[in-house]
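Work through the exercises below with the sequence and the model side by side. Try each task before reading its solution.

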Amino acid sequence: MTTATLHPIWSYVQVLLNLLVFLALAPLFDGIVRRVTARVQSRQGPPLVQSFYDVLKLLGKENIDSTGILPFRLAPVIAFASMLCVIAILPLAGRATAFTAYADAISLVYLLTLGGVAVLLGAFASKNIYALIGASREMTTMIMVEPILFMILLLGVLKTGSLDLSAVIYGTPMAAFGLPGMVMIAVSLFGLQAFVARQPFDMAEAEQELLGGPFIEYSGPNYALFKYYMMLKQMFYAYLPIAMFVPLLGTGFYLADLALQLVLTAVVFLLIGLLSATHPRYRIDQAIRYFGVLFLIALAAIAAAVVL
Amino acid sequence: MDTTIYPHLQTGLAILLGAGLITPLLASKRQLAGIVNLLAVVLAGLFFASSAINVLSGPGAPASFDLQLAGLTIPLLVDGFSAVFLLLIAVIASVVALYCIGYMQMAHYRHYSLRGFYFCYPVFIAGMIALVTVDDLSTGFTIAWQLMTLTSFWLIRFDHHDPVIVRSANKYLLLMQLAWAAVLTAGLLVPGCGWGTPLHYIAEQLGTLDVGLRTLLLALAFLGFGMKAGMFPLGQLWLPDAHSVAPSPISALLSGVMLKTGIYGLIRTLFWMTPESMPAHELQYWGMAVAVIGVVTLFIGTSQSLKQVDAKRLNAYSSIGQIGYIILAIGAARYYLGPNAALHALALLAILGAFLHVLNHAIFKSLLFLCVGSVQYTTGTKDLDKLGGLFALMPITAIIAGIAAIAVSGVPAFSGFTSKWAIVAATLLSGKAAGIFVIFGVIALVTSAMTLATYVKLYGMTFTSVGVEWNTDGNAKVQEVGKLMLAPKLLLTAICLLQGLCPWLFVALFGRVLATSEGVLTHTLATPALLATLSERYAGVAVSNASGTAVAFSLPLVMVALLVVAGLFARWLKHAGGAQTRQAPVWLCGYQTLNNANRYLSSHIFDAFKKFMKWTGGNVRA
């Protein structure tokens, strides 16, 4: 289902391009959210590149290790690496990379889980009560939210009969999704804040009560990796519904498709910023019920897609 | 046909039974008895392995063999399918026997005689071997089942000073006798069949019966084997109690291989006892029913596992959950084998998933029980509320347990991944042709997130975090277990990693199993066209559709390579700023110190989620 066969070298260049787009834009998109939040609160807000500065600054700061065991040091590296792998296999703007052919939709979901596992591993290694409370909430959110994300992809699986990522994401024209597609777009909008772990679903980090939750004991370069991981993950989750549901332009120009997708992703981030600035945080038990309902709606959409 | 298959099998069994008589005489010398037991099990294991390899490398399914024993005729059959179980039992039994040498010298067992233990151990193994090689549901089955059940009962109640343990063991014995009665009834009630009737004849007779009686008889056999395998709701009755009170190496055997004899029975019932003269829709009803039971088992079992604070109970409930995946795959395969030929490729994938998960689960669950056993050996507790921080104290066990824990969670490139991938892909790809299976696949995915949560908790609360320093009696020094207990775990870890990184080896083995067995699986699935949809290469396994396009793939080696490269980049980035590292104590908001009262306990973790899932049962200290 890949649009065109390209020279093999090009598909490796594509991997680098994917990484470049995500590594460069994720902090900027994060900047949008910070800026929007500030405006809603009648503040000036930091410059768009502030999140970049934060990561650079953290990379040079002192690295404090409160545990002295391997899992604590390994966790940020695994989290960041797993997200890079996800990006490397993602067919950005309809074009498969050299590695897309080596991972299917199930592998993608499990790779995303690996990042979550790494965060939890670090939190559990921290010996800190707040980290453990945060980890407990993070894992609970993951159990409920990951299947919802997967069901969005599953719609593509059902239409094309394939788990290949290019086919799953781009193999079906929007109109062919029909009613289940409409429901799933609604689901992904209502699940958006949970996917990107922003208010009202930032129970795990919850600065005001848990002081950063799983990341409380992290500082310096370790924390920089975690921060970068969170921003990349946020961009991936905001990008995925766009790729799934907004058709490519079909002009044949890769850059035009890419530009459109990224502009739309930026719009999604505006929405994320607005929602998180205007919604108070849920308690974890409230959030579970919310996800439960969302899960059932998504499951109903899948059932409808199977029957229709 | 190779003529050594059955003689080697009998020699192996004779060695085990002989060891059961001799080793107890040496029981006063604990280490010596352990070593003799190990040698006997390994020697017998070599005979079983030779028999199994002869079968698997043969040109086709071997003929059955009638063993004459004290005037009884016991039909034996070692086909490719039995051979794999033979190998599995031989490997795990040998590794666990090695572990027993060290473990049974635990301080807690000082005042227990090992005579009974070393009588039961080899006989238990012999019983399991016999169960997967007898070819009837009456004489041979009874002998094998009773050997296995009675000895495992004594092994479970080894620590008999505790009335709770004795009660759990009694319950186990009672339920296993009920299961035996159910299967035996099914075998004897078929008209024209009596003691010692081989399975293929029973199947033929079943084909001539009317639907009601046939369904009843199949259901009885299914219930009996399902009870053994841990199927919902029967598994919950005995499995967590029995598995959590037995000595850890025995728990490893129970979870790792004994449950698999139940799976063996289920597969035999569903694919060998269902004659091809049965109407296709009836077979599909069976497949659907089994798949539903599988989904319920995996969901309920895993969500109960999530709630446990006793490490061994947690593992035991998780075994129910993992067995659920296998039952789901078996049911799906049975359903897909119907008249719609387009689904046959998925039947192949589903049964491959079941096969891989049997092997993978046997290894990683044994490994987890051995790790928990090591923790119990050195700290004296298996209560997750009391453990914590063992990574610094027993690093090798911690790393091994970490590998096993991510294997059971199905993290890519570790052993649970490919088997769960095959099972989930087989359900999802059915699409409109078998719609409900897509929903089953989604539930299986949710459940694997819960499995992950369970093992993050087990691992986090045992090896990382803090706690053990405040909860062991001061005179016991917590340290890494000896080489004698590390070696068997390292062996299993090596197998576990091999399963994860090179699934193609086991897919190739699966191909041999199909080629050396008779029956509906071989007839329908082992056709060149279908086998071509399943391509194994060094990097992993891929499934293609009828037009030859790859539709699902699991390539662990590529993923590992990607992760390593990405990890190296991350490491470079981490050091790019030239930051200094400093050790500093944990900061608890300035006015608290880290002590036992300021700890987040295992029973608090996932509290909101546990309340949300309260309806699934298995609650602890609610």
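## Ground rules and chain B overall

Of the 622 residues of chain B, 65% count as buried (under 20% relative accessible area; exposed is over 50%, partly exposed in between; 1.4 Å probe, protein chains only). This is a predicted model: local features need pLDDT of at least 70, side-chain atom pairs count only at pLDDT 80 or more, and totals for chains, interfaces and linings use all residues. Residues are numbered from 1 along each chain as its sequence is written, chains are lettered from A and ligands numbered from 1 in the order in which they are written, and side-chain values use heavy atoms, with hydrogens and water left out.

**Exercise 1.** Describe the overall build of chain B.

*Solution.* 
- Step 1: count the elements. Chain B has 23 helices and six strands (DSSP runs numbered from the N terminus: helices are H or I, at least four residues; strands are E, at least two).
- Step 2: get the dimensions. The C-alpha trace spans about 80 × 65 × 45 Å along its principal axes.
- Step 3: look at contacts (heavy atoms within 4.5 Å). Among those in chain B with a separation of 6 or more, 80% join residues 24 or more positions apart.

**Exercise 2.** Is A:I272 buried or exposed? Which residues does A:I272 contact?

*Solution.* 
- Step 1: find A:I272 in helix α10 (residues 254-278) of chain A.
- Step 2: read the accessibility. A:I272 is at 0% and counts as buried.
- Step 3: leave aside neighbours within four places in sequence. The contacts of A:I272 are then A:V33, A:L192, A:Q193, A:V196, A:R198 and A:A238.
- Step 4: compare sequence with space. A:I272 and A:Q199 are 73 residues apart in sequence, and their C-alpha atoms are 8.8 Å apart.

**Exercise 3.** Which residues of chain B does A:D164 touch?

*Solution.* 
- Step 1: go to the loop between α5 (129-160) and α6 (165-170) of chain A, where A:D164 lies.
- Step 2: A:D164 counts as buried, at 17% relative accessibility.
- Step 3: not counting residues up to four places away in sequence, A:D164 touches B:A550, B:V551 and B:F553.

**Exercise 4.** Find backbone exceptions.

*Solution.* 
- Step 1: recall the rule. Most residues other than glycine have a negative phi, and most peptide bonds are trans.
- Step 2: check A:S42. Its phi is near 60°, a positive value. A:S42 is in the loop between α1 (8-40) and α2 (50-60) of chain A and is exposed, at 69%.
- Step 3: check A:K127. Its phi is also near 60°. A:K127 counts as partly exposed, at 26% relative accessibility.
- Step 4: check the peptide bond from B:F232 to B:P233. It is cis, with omega near -5°.
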